[in-house]
Amino acid sequence: MNFHIDISVIYNILVGLLTINTIIAFITVFRKPRSIASVLAWMVTLVFLPGIGFILYAFCGRGIDGEIIYRFSEHHQSRLTEINDQIKIRNQAFKKDDLQINSQLLQKYFINSADVPLTKGNEIEFVTDGQEKFARLFEDIRQAKDNVHVEYYAFFDDAIGHRFLDLLVEKAQEGVEVRLIFDPWGGQSSIKMFKPLIEAGGKVVAFITSRGLIRKTRLNYHLHRKIVIIDGKISWTGGFNVGDQYLEITEKFGYWRDTHARIVGMGSFLLQEIFIKDWNASVVQEEDSLDYEDRYFVFPEEKEVGETSMQVVADGPESSQQIIKGGFLKMILGAEKRVWIQTPYLIPDDSMLDALLIAVRSGVDVRIMIPCKPDHPFIYRATQYYANQLQKQGVKIYIYDNGFLHAKTILTDNEISSVGTTNQDIRSYDLNFEVNAFCYDPKVNQKVAEIFEKDMEKSTLLTAEIIKKQSYWLRFRQNFSRLLSPIL
């Protein structure tokens, strides 16, 4: 038998399928409110990757699960209000801050948008080296008498991960309350890794967004916070996760340059509130929930009191606002002298781009430092695209050459500075659960500036000549990655 294949029929079928795919793509993307950039990125994905694009959308494009939003809304608001009132009363023991108007306005923004009180009398130190960070953190944990609360995006099953875990097991065996939250996707770890801690009496829970991943198809929302609180008054937060790559020189990344903060004072109370809220949202059994007990909120002794006023702000997709990004915008638009930023990922949305360009056109010294190498290829090419564009508009772009830069810091003028877990990218603004400490202290601002200036000595200033030498193939990858940047 002879079979005759009519090409026109196949062509019409393909056109019909592509038309149906495009119509469904429009319906899918426009079903919920989203930014124009996100709309365009998903349309490109759904139209040019028929079938595959819809699978990606099912796991990464849908809104956060309603149960998660509900779990975060269920907390002891009356007890939180009482603790925050205690903070305000304790603040009266410190002299009145002589802060600039931009600091006052930023404080009001966080109070009004997130009900985050100002905390006074904090002592904050910065650690930029992984070996030092873990040595000092472990020493603080060894001194713990009552409780240790740990929350990390990535907790790897490697040498430093097991050293950390062994220390927590030791403290649990001593009778110290040890609780740990982890994101299984961050360090590719499972609850099995923490079995020794559980057997020693510690409590471990996977962050709520990892629950029912396949059934609920929400792969795009991650715990990105890094928090440790010890005995209710010493806390750590910043960019370092728990893994060997963060404290060793590796072939892939070289030296890992990050920034972490050690806080003593009532700023730790705010990190503790965040931890308890995350814990209570993530536990399966109600009896495992935490109360806001006094032993979790211990006022520092007189010898431990510092001079820094700060607000510690949490943000995530359960909120209808982009609170931390709003704080960045407030800082940048209020700056008169300088805006210095360090970030591993530079994928700003339109509002952040506008703010940076308004600042530089107003004569503000805008500097942004990024890594010289990728840890995620698509994200790095998009970072290069925006670095090139901002350089052409007058922003000074520094490329850190001494390994991989993972620090997430921003300072403006001579008083405000922020360190935490939030990158300058759309994912951190909208999809991740983040935390940042906003400090109102000229001395802290100067310290962050000194760290930036020291890193400048190991960086290359991006110039028009360097951009011109980039190949056409590299520019194509940059432009293509930029198209997908809202969903990376």
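## Helix packing and aromatic pairs in a predicted model

The protein exposes about 21,800 Å², and carbon and sulfur atoms supply 56% of that area. Accessible areas come from the Shrake-Rupley method with a 1.4 Å probe; for residues, only the protein chains shown count as cover. This is a predicted model: local features need pLDDT of at least 70, side-chain atom pairs count only at pLDDT 80 or more, and totals for chains, interfaces and linings use all residues. Residues are numbered from 1 along each chain as its sequence is written, and side-chain values use heavy atoms, with hydrogens and water left out.

The protein has 19 helices and 19 strands. Both are DSSP runs numbered from the N terminus: helices are H or I with at least four residues, strands are E with at least two. Of the 488 residues, 57% count as buried. Buried means under 20% relative accessible area, exposed over 50%, and partly exposed in between (1.4 Å probe, protein chains only). Take contacts (heavy atoms within 4.5 Å) between residues at least 6 apart in sequence: 81% of them join residues at least 24 apart.

Now to helix packing. Two packed helices are described by the angle between their axes and the distance between the axes. Axes here are lines fitted to C-alpha atoms, for helices over the stretch in contact, and angles run from 0 to 180 degrees between N-to-C directions. Under 35 degrees counts as roughly parallel, over 145 as roughly antiparallel, 65 to 115 as roughly perpendicular, and the rest as oblique.

Helix 7 (residues 130–142) and helix 8 (residues 159–173) cross at roughly 10°, and their axes come within 10 Å. The two helices are therefore roughly parallel. Phe134, Leu137, Phe138, Ile141 and Arg142 of helix 7 meet Ile160, Arg163, Phe164, Leu167, Leu168 and Lys171 of helix 8. By class, this contact has eight nonpolar, no polar and three charged residues. Ala, Val, Leu, Ile, Met, Phe, Trp, Tyr, Cys and Pro count as nonpolar, Asp, Glu, Lys and Arg as charged, and the others, Gly among them, as polar.

Helix 15 (residues 377–392) packs on helix 19 (residues 472–484) at about 100°, with the axes 7 Å apart. That makes helix 15 roughly perpendicular to helix 19. Residues in the contact include Phe378, Tyr385 and Tyr386 of helix 15 and Leu474, Arg477 and Phe480 of helix 19. The class count is six nonpolar, five polar and three charged residues.

The structure holds 26 aromatic pairs. Rings of Phe, Tyr and Trp (its six-membered ring) pair if their centres lie within 6.5 Å; planes under 30 degrees apart count as stacked, over 60 as edge-to-face and the rest as tilted. Phe269 and Phe297 have ring centres 5.6 Å apart and planes at 85°, so they are edge-to-face. Phe269 lies in helix 12 (residues 267–282) and Phe297 in the loop between helix 12 and strand 9 (308–315), so the pair ties together parts 28 residues apart in sequence. Both Phe269 and Phe297 are buried.

Trp473 and Phe476 are stacked, 5.6 Å centre to centre with 15° between the planes. Being three residues apart in helix 19, they are separated by about one helical turn. Trp473 counts as exposed at 53% relative accessibility, and Phe476 as partly exposed at 49%. Ring pairs also link Phe134, Phe138, Tyr152, Phe155, Phe164, Phe182 and Phe194 into a cluster.

Last, a loop residue. His222 lies between helix 11 (213–216) and strand 5 (226–230). His222 is buried, with a relative accessible area of 13%. Not counting residues up to four places away in sequence, His222 touches Tyr153, Asp183, Trp185, Thr209, Arg427, Leu431, Asn432 and Phe433.
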